[in-house]
Amino acid sequence: MKRPKIIDIRATTVTVPLEAPLRHSNGAHWGRFVRTIIEIETDVGIVGLGEMGGGGESAEAAFRSLKAYLVGHDPFELEQLRFKICNPTASLYNNRTQMHAAIEFACIDIIGKFLGVPAYDLLGGKMRDEVGFASYLFFRLPNKDTGKGEIRTADQLIEQALELKRSHGFKAHKLKSGVFAPDYELEVFRALAKAVGADSVRYDPNAAFSVEEAIRFAKGIEDLNNDYYEDPTWGLNGMRRVRENTHMPLATNTIVINFEQLATNVLNPAVDVILLDTTFWGGIRPCIKAAGVCETFQLGVAVHSSGELGIQLATMLHLGAVLPNLVYTADAHYHQLTDDIIVGGPMKYTDGAIKVPTGPGLGVEIDREKLGKYSDLYKSLGGYLYDRDPARPGWFSTVPNTRWADPTDDRIVDY
Ligand SMILES: [Mg+2]
């Protein structure tokens with residue numbers, strides 16, 4: 001049987017609207033996600049799909065520039081691909097980890113389609129048919145067109161959490177935070193935890209706190225049903241000092257995102273739960289390797305979300321399907337989106353979980369009409385400044401942050 005060879009790579013930037021702008025400690029998602037959709041073409045007629053966060057002309061050109069490395073490559077050769085694209089010393093000059101991830105997704109998709117098997121069967125076989133998710137709650141600005149969707153107060157947050165629990169069946173709830181002053185957020189988070197009853201909660205201020213503030217905040221939430229306390233402060237040493245001063249497990253998606261950091265954390269623990277992101281780690285396979293290290297050293301793992309449309313979500317589902325040591329629900333921004341670019345429309349949550357796709361490869365296909373529509377929308381809107389907040393002109397984030405948003409500001413801002 002003739003093995004497939006890569007003959008071309010295409011990259012298309014799309015922007016898909018969110019219900020409302022999502023605020024975080026570094027800025028905001030300004031009412032939409034911008035994603036780059038990758039299509040890798042082979043000489044056997046199979047096209048593999050990948051996805052990366054961000055986009056625009058420079059991202060598309062960067063992917064196009066990798067064509068010279070990819071033409072003639074056999075997609076089965078995933079280890080060779082890693083060194084061709086991001087040899088750790090050669091790539092000091094051009095950090096291609098996230099681009100490698102998108103290409104790895106597409107190659108795994110091609111292999112699965114070529115063999116007629118789902119990705120999870122290539123990755124060790126599935127331990128579960130569906131992956132559980134936490135609701136991912138954000139402080140949100142009002143939608144500029146409808147004036148709706150604002151989340152600023154405890155009442156607004158609880159209303160959304162309970163609505164999502166009713167409609168999607170979530171049993172764990174994560175609050176992305178670090179927007180308002182810690183005492184205000186403490187009050188809001190405690191109110192949320194009380195409102196969701198026996199469900200578990202997670203607090204993630206994206207490293208906005210000083211070590212001392214992080215410890216003080218920990219004391220304020222230790223009695224709640226916390227899955228873990230996520231990135232309260234910055235850096236391995238900072239997190240280690242917090243960990244010495246709380247009995248809650250600490251989780252991270254910022255300070256352990258490669259094998260060198262994972263080794264450091266094994267030798268001198270700073271965090272307990274590693275949130276595996278198929279993009280940050282450079283693909284699905286590096287996440288599985290990292291999960292194996294975590295299994296060996298009894299560290300926890302969970303599936304992280306750095307924003308996703310259906311292709312990236314499929315990578316998260318296949319990852320979640322094959323990890324034996326996955327005891328936490330995954331995160332996904334997905335339910336904040338208004339649409340997707342995959343055939344059949346957005347994947348559905350049932351009882352807080354999404355079924356792992358069972359079709360060949362990643363098990364998702366591009367809806368060409370939607371891809372065209374959201375590519376056109378990107379062309380008309382362009383990008384946005386992820387690390388700025390449209391409601392706080394002139395503000396920029398620092399770690400630790402000391403300049404917080406005003407919780408009484410209920411203006412509808414343009415973005
Ligand atoms: Mg996080």
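In the structure, A154, L157, I158, A161 and L162 of helix α6 meet E187, V188, A191, L192 and A195 of helix α7, two residues being in contact if their C-beta atoms, placed from the backbone, lie within 7 Å. The residues of this contact comprise nine nonpolar, no polar and one charged; Ala, Val, Leu, Ile, Met, Phe, Trp, Tyr, Cys and Pro count as nonpolar, Asp, Glu, Lys and Arg as charged, and the others, Gly among them, as polar. The model is a predicted one, in which local features need pLDDT of at least 70 and side-chain atom pairs count only at pLDDT 80 or more, whereas totals for chains, interfaces and linings use all residues. Residues are numbered from 1 along each chain as its sequence is written.

Helix α6 spans residues 154–168 and helix α7 residues 182–195; they pack at an angle of about 35°, with their axes 9 Å apart. Axes are lines fitted to C-alpha atoms, for helices over the stretch in contact, and angles run from 0 to 180 degrees between N-to-C directions. Helices (H or I, at least four residues) and strands (E, at least two) are DSSP runs, numbered from the N terminus.

An open sheet of nine strands shows mixed pairing, in the order β3-β2-β7-β8-β9-β10-β11-β12-β13; two strands pair if DSSP finds at least two bridges between them. Its edge strands, β3 (27–29) and β13 (300–303), each pair on one side only. Neighbouring strands of the sheet are turned by 35° against each other on average, direction ignored. Within the sheet order, β11 (residues 250–252) and β12 (residues 273–276) run parallel and are joined by two bridges, and T252 stands opposite I274 in β12.

The chain is divided into domain 1 (6–117 + 369–381) and domain 2 (122–366), with bounds that come from an automatic or database domain assignment. Their centres, taken over C-alpha atoms, are separated by 23 Å. Contacts link 41 residues of domain 1 with 39 residues of domain 2. On the side of domain 1 that touches domain 2, α4 contributes the largest share, twelve residues. That side divides into 21 nonpolar, twelve polar and eight charged residues.

Y349 lies in the loop between α12 (310–322) and β14 (353–355). Y349 counts as buried because it has 21 C-beta neighbours inside 10 Å, the threshold being 20 or more other C-beta atoms within 10 Å of its own. Leaving aside neighbours within four places in sequence, Y349 is in contact with F133, H168, G169, H335 and I354. The C-alpha atoms of Y349 and S167 are separated by 8.4 Å, although these residues are 182 residues apart along the chain.

Note on methods: A residue is buried if 20 or more other C-beta atoms lie within 10 Å of its own, exposed if 12 or fewer, and partly exposed in between; C-beta atoms are placed from the backbone.
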